[in-house]
Amino acid sequence: MYVADQLNDRVAVYRQNGASADLLTSFGSGDLTDPLGIAIDQDDGTVYVSDAGGVTKYDSNGAATPAFTVDGGFASITATGPLAFDQAANALLLADTTANVVRRYSVAGVPGATFDGTSSPDTFGTGSTFT
């Protein structure tokens, strides 16, 4: 189980042990500020974490991916929220809490479509009316 540990600015990884949980490891200390959202790519174990500074991508060993925020991708986001990983589309979904939209990004951090709540439920549109 991955937990966004805002008090310690890290992601804590726990294993269930009966009615309690044991801390296995943690990562992100020094990289994260108030982590909020966590999404995991089940194919390769990549962990995406949103925090006050944007989105950071970690490999399956907990090492931050260098130069991940290029091409106007995650670096352009200043207000982040919950994350989800769309396994079928191999894409990250991010709740942009300032623009009130859900944004889709490739695993390389390249911006894709935006869902604003005005288009049909199964498509991404543009705008800023999603509340």
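Visitor: Among contacts in the chain between residues at least 6 apart in sequence, what share joins residues at least 24 apart?

Guide: That share is 33%, where a contact means heavy atoms within 4.5 Å. Before we go on: this is a predicted model, so local features need pLDDT of at least 70 and side-chain atom pairs count only at pLDDT 80 or more, while totals for chains, interfaces and linings use all residues. Residues are numbered from 1 along each chain as its sequence is written, and side-chain values use heavy atoms, with hydrogens and water left out.

Visitor: How many helices and strands does the chain have?

Guide: The count is 0 helices and 10 strands. Read from the N terminus, the elements go β-β-β-β-β-β-β-β-β-β.

Visitor: What percentage of the residues is buried?

Guide: Of the 131 residues in the chain, 34% are buried, meaning under 20% relative accessible area with a 1.4 Å probe, protein chains only.

Visitor: What makes β7 and β8 a pair?

Guide: Two strands pair if DSSP finds at least two bridges between them. β7 and β8 (residues 91-96) have 4 bridges, in the antiparallel sense, so they qualify. F85 stands opposite L92 in β8.

Visitor: How do you know that β8 also pairs with β9?

Guide: Here 6 bridges join β8 to β9 (residues 101-106), and the strands run antiparallel. L92 has Y105 as its bridge partner in β9.

Visitor: Why are β7 and β10 called edge strands?

Guide: The open sheet of 4 strands is ordered β7-β8-β9-β10, with antiparallel pairing. β7 (83-86) and β10 (111-115) each have a single partner strand, so one side of each lacks a neighbour in the sheet.

Visitor: Which residues take a positive phi in the hairpins?

Guide: In the hairpin of β7 and β8, with 4 residues between the strands, N90 has a positive phi near 50 degrees. In the hairpin of β8 and β9, also with 4 residues between the strands, N100 has one near 60 degrees.

Note on methods
Helices (H or I, at least four residues) and strands (E, at least two) are DSSP runs, numbered from the N terminus. Buried means under 20% relative accessible area, exposed over 50%, partly exposed in between (1.4 Å probe, protein chains only).
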